[in-house]
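Let's work through a few exercises together. Have a look at the sequence and the 3D view, then try each task before you read its solution.

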Amino acid sequence: MNVPQGENGPVLLLEVEEVFAGYGKIEVLHGTSIRVREGEIVCIIGPNGSGKSTLLKTIVGLLKPTRGSVRLSGKEVGRLDPQEKVRLGMAYIPQGRNVFPSLTVLENLQMGGVSLGDAGAVRRAVEEVLEEYPVLKGRVRAQAGNLSGGEKQILALARAVMTRPRLILLDEPSIGLAPRIIEEIYNRLQEINRRGVSLAIVEQNARKALAVAHRGYVLDLGVTRLEDTGAHLLDNEEVRMLYLGEKGNGPEQEPQDPGSRR
Ligand SMILES: Nc1ncnc2c1ncn2[C@@H]1O[C@H](COP(=O)(O)OP(=O)(O)OP(=O)(O)O)[C@@H](O)[C@H]1O
Ligand SMILES: [Mg+2]
């Protein structure tokens, strides 16, 4: 969608400013900054281990920053817990799909709606979401663990939408999916965005993410290295070489460092 303009330009939804965070004594983010404006799709790319997932976990409150600030619509939320952030309009889909494998599709959706409070509201939200996602409607009684990878990702997305978020944070939504399914997931994401929901997407699949993003960031070793429009980053020679596998004429390669976990 077009990014709405306030009196002073685009309206800021999320501001991550000079954030330091990590796991106990291991500091992973060393002063990372990103911004998401209302209505924007922002993508965050970077090599394995650069702190992309850590950044999302810090934004949603699973990790607390040791320094720096996280603001949502101007309000400091860095110390808040994940449940409180859900109430303020954040939804998070972690790396590796966010579904309970032993629960049915319906039960997964109901769980996604717990923060809505009363049972009536949950029921209405489930009905709405099933209308929007017919692939799930046909499979409400199926165990989520038996869904295909693409269906699981759609279910994870539907669960996130249940909470009526203003901002959805997605960690590698396309990983392990066939190109046709990735296309479908991204079409869904753009559709959600057109309805006014902002998206922050972490991706290895930099080409696809940058193609749909209004803006993007390159994260490296826990600091923000580059920031530009999606189109400019797609054109940037360094990005093309490092993240789009365009070194020489060789086959497309995944951005990797030799010591990475994947
Ligand atoms: N639970 C944890 N405890 C300690 N260190 C961790 C933990 N999770 C991640 N790390 C370390 O933090 C660093 C950043 O990891 P993170 O998962 O944020 O990177 P990433 O950019 O998401 O990588 P990938 O592309 O592989 O998903 C890595 O060095 C990783 O080993
Ligand atoms: Mg990650």
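Two strands count as paired if DSSP finds at least two bridges between them. Helices (H or I, at least four residues) and strands (E, at least two) are DSSP runs, numbered from the N terminus. This is a predicted model, where local features need pLDDT of at least 70 and side-chain atom pairs count only at pLDDT 80 or more, while totals for chains, interfaces and linings use all residues. Residues are numbered from 1 along each chain as its sequence is written.

**Exercise 1.** Work out in what order the 4 strands of the open sheet are arranged, and which ones stand at the edges.

*Solution.* Start with the order: it reads 4-3-6-7, with antiparallel pairing. Next, look for strands with a single partner: these are strand 4 (26–37) and strand 7 (75–76), so each has one side left without a neighbour in the sheet. Now zoom in on one pair: strand 3 (residues 12–23) and strand 4 share 9 bridges, and Tyr23 has Ile26 as its bridge partner in strand 4.

**Exercise 2.** Find out how strand 11 is paired with strand 5 and with strand 12.

*Solution.* Take strand 5 (residues 41–45) to begin with: its pairing with strand 11 is parallel, over 4 bridges. Here Cys43 stands opposite Gly216. Then turn to strand 12 (residues 223–229), which pairs with strand 11 in the antiparallel sense over 6 bridges. On this side, Gly216 stands opposite Asp228.

**Exercise 3.** Describe how helix 3 and helix 6 pack, and which residues make the contact.

*Solution.* First the geometry: the axes of helix 3 (residues 105–112) and helix 6 come within 8 Å and cross at roughly 35°. (Axes are lines fitted to C-alpha atoms, for helices over the stretch in contact, and angles run from 0 to 180 degrees between N-to-C directions.) Then the residues: helix 3 brings Val105, Asn108, Leu109 and Gly112, and helix 6 brings Leu155, Ala158, Arg159 and Met162. Contact means that C-beta atoms, placed from the backbone, lie within 7 Å. Last, follow Ala158: leaving aside neighbours within four places in sequence, Ala158 touches Leu109, Val129, Tyr133 and Leu136 by that contact rule.

Technical notes: Chains lettered and ligands numbered in written order. Contact = placed C-beta atoms within 7 Å.
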